[in-house]
Protein chains: 2
Amino acid sequence: MQSASPTSSRSFNRLVVFGVGLIGGSFALALKQANAVKQVIGVGRRAETLKRAQALGIIDAIGDASSVAGADLVLIAAPVAQTETLLRELKPHLQPGTVVTDAGSTKSDVVQAARAALGDKIAQFVPGHPIAGREQNGPEAAIATLYHGKKVVLTALPENSPEYIAMVASAWQQCGALIHHLSADEHDAVFAAVSHLPHLLAYALVNDIAARSNADRLFQYAASGFRDFTRIAGSSPEMWRDISLANRSALLAELDAYTLQLSTLRAMLAASDGAGLEQVYARAQSARQAWIAAIEAAEQARAYEQGGD
Amino acid sequence: MQSASPTSSRSFNRLVVFGVGLIGGSFALALKQANAVKQVIGVGRRAETLKRAQALGIIDAIGDASSVAGADLVLIAAPVAQTETLLRELKPHLQPGTVVTDAGSTKSDVVQAARAALGDKIAQFVPGHPIAGREQNGPEAAIATLYHGKKVVLTALPENSPEYIAMVASAWQQCGALIHHLSADEHDAVFAAVSHLPHLLAYALVNDIAARSNADRLFQYAASGFRDFTRIAGSSPEMWRDISLANRSALLAELDAYTLQLSTLRAMLAASDGAGLEQVYARAQSARQAWIAAIEAAEQARAYEQGGD
């Protein structure tokens, strides 16, 4: 479900960002550019990274978990596996009125970690997932426009007040993002199908070929179709290991559905069933064309709305 | 195997192209631009298409199978399933000294069709496969630069004379292409792995999602990773039905190897074997990075060579 109308723009006095790389850094830059934040404090494990983020104007100061006291907004933009530890560290400093959100690619596991870590303060945690990225990482890759026109899925908890949800939505909207609402389970099922499974499939294909004795010859003849198909196999192995494990049951279900699809195609191929293959290929082609057309129409509508401001 | 040095440039008096769309039209335009051909005659099933190709300057005249008499080079750039019929039609007009080649994506089936159609004139057929394409089709999509820096795989027959092979190689080289030599079986095994299987996998994923009751929601959240992964599922269903059937046994073998790879990954996922998953993902990532680096190095070397002409 997409929010019909923007919530009111809200200004933040202090934002604390845990993880000042591409995702957290771009969030900070976008809010600064929108004049929506007075002070940004960066927290992270590597002093060197934090210093670079400060030199780049992404953060105004370097802090630690105690900086959360007095903040009105906190973003956890660290690897998902660190979420629980970070929330445990910041909990003692979490005052009423402060909202914490995150940018993790999986949500059910994050919610579970947050409940374990925050306990009676869970109402202050509004889980989120911005659907945006770049090939590069680190503070140097952060840009103020990363979230322009991109979706951010909030998987609000029953405990979250409308006001807290609106605060997080407003921050992302001021980054130029479009707010969508799903439950954590819905989110994880959707992204298992359209993101996590394709990553696993791309890794599997490249690994399958790389393991052959004639891998060099095979790669030699791979062309642009192969390059695009496997682009996501260039993604971080550690990050996708974590996502695969965090969303294990939904991903297993998707993998099983896909394997069934492949066995249907295998049977058609073995039987030289050209009509059957063509029907599957044609349905896929037309579904993809409709999807691309819908994306382009949405982009045009957005450009038109922006032009009418 | 790649030809170490270019064969001598050869000029053609008459080129006959069966199929004046993207592939055949670009071949004609490239040879014209290289001043390597005096006259190009187009042959095809649709008069309208041939007229457009003539108006675009791709062909000089519209002909039929009898135009092959007196030609020194003939390119079959029609759908692979038509190859045998076209070769049967042109055979009565095929004189000594004329070389016929093709642009089909599969080669063992083409060789079989050519042997059946040409009989004792088989020595005049040098099978080929240019590894190039664009999203668009038809004469309007044809461009003289389509083959610049692209590979053309020749799967020469034992009956082909070195002179005939050199004629075909020279034509493609004058289009800017790089000549590679494989046997038809080697060709089909290689392309089953790096092209035909990825197409089938992309079609399968889109079809799997399109068939769901919540397909709209799933597509709504699909992002750029999904878009690139499934780009080849936008390809022509008829063409890929034909390729799948033509290269059936190699494609079945690849599909089985891939399914085995998926079942290994499934077992790791089911066992929450993070180290195992990460190892597969990391091997794939590093193999892909090495492949991309090799492509870029080859492109730079080529740019350097061209700059040194």
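Biologist: In which hand does H6(B) pass H10(B)?
Modeller: A crossing is right-handed if the near helix is turned clockwise from the far one by less than a right angle, and left-handed if anticlockwise. H6(B) crosses H10(B) in the right-handed sense. The model is predicted: local features need pLDDT of at least 70 and side-chain atom pairs pLDDT 80 or more, while totals for chains, interfaces and linings use all residues. Residues are numbered from 1 along each chain as its sequence is written, with chains lettered from A and ligands numbered from 1 in the order in which they are written.

Biologist: At what angle do helix H6 and helix H10 of chain B pack?
Modeller: Helices (H or I, at least four residues) and strands (E, at least two) are DSSP runs, numbered from the N terminus. Axes are lines fitted to C-alpha atoms, for helices over the stretch in contact, and angles run from 0 to 180 degrees between N-to-C directions. Here H6 (residues 184–210) and H10 (residues 248–270) of chain B meet at about 65°, and their axes lie 9 Å apart.

Biologist: Which residues make the contact?
Modeller: Two residues are in contact if their C-beta atoms, placed from the backbone, lie within 7 Å. H6(B) contributes, among them, B:Ala189, B:His196 and B:Leu200, and H10(B) contributes residues including B:Leu251, B:Glu254 and B:Tyr258. By class, this contact of H6(B) with H10(B) has nine nonpolar, one polar and two charged residues; Ala, Val, Leu, Ile, Met, Phe, Trp, Tyr, Cys and Pro count as nonpolar, Asp, Glu, Lys and Arg as charged, and the others, Gly among them, as polar.

Biologist: How many residues of chain B are in contact with chain A?
Modeller: 67 residues of chain B contact 67 residues of chain A. On the side of chain B that touches chain A, H6(B) gives the most, with 17 residues. That side of chain B comprises 43 nonpolar, twelve polar and twelve charged residues.

Biologist: At roughly what angle do the axes of H6(A) and H6(B) cross?
Modeller: The axes of helix H6 (residues 184–210) of chain A and H6(B) cross at roughly 165° and come within 12 Å. H6(A) is therefore roughly antiparallel to H6(B), a term for angles over 145 degrees. Their crossing is right-handed. A:Ala193, A:Pro198, A:Leu201, A:Leu205 and A:Ile209 of H6(A) meet B:Ala193, B:Pro198, B:Leu201, B:Leu205 and B:Ile209 of H6(B). By class, the contact of H6(A) with H6(B) has ten nonpolar residues, no polar and no charged.

Biologist: Into which domains is chain A divided?
Modeller: Domain bounds come from an automatic or database domain assignment. Chain A has domain 1 (12–182) and domain 2 (187–272), with 31 Å between their centres, taken over C-alpha atoms. Their contact takes twelve residues from domain 1 of chain A and nine residues from domain 2 of chain A.

Conventions
Angles under 35 degrees count as roughly parallel, over 145 as roughly antiparallel, 65 to 115 as roughly perpendicular and the rest as oblique.
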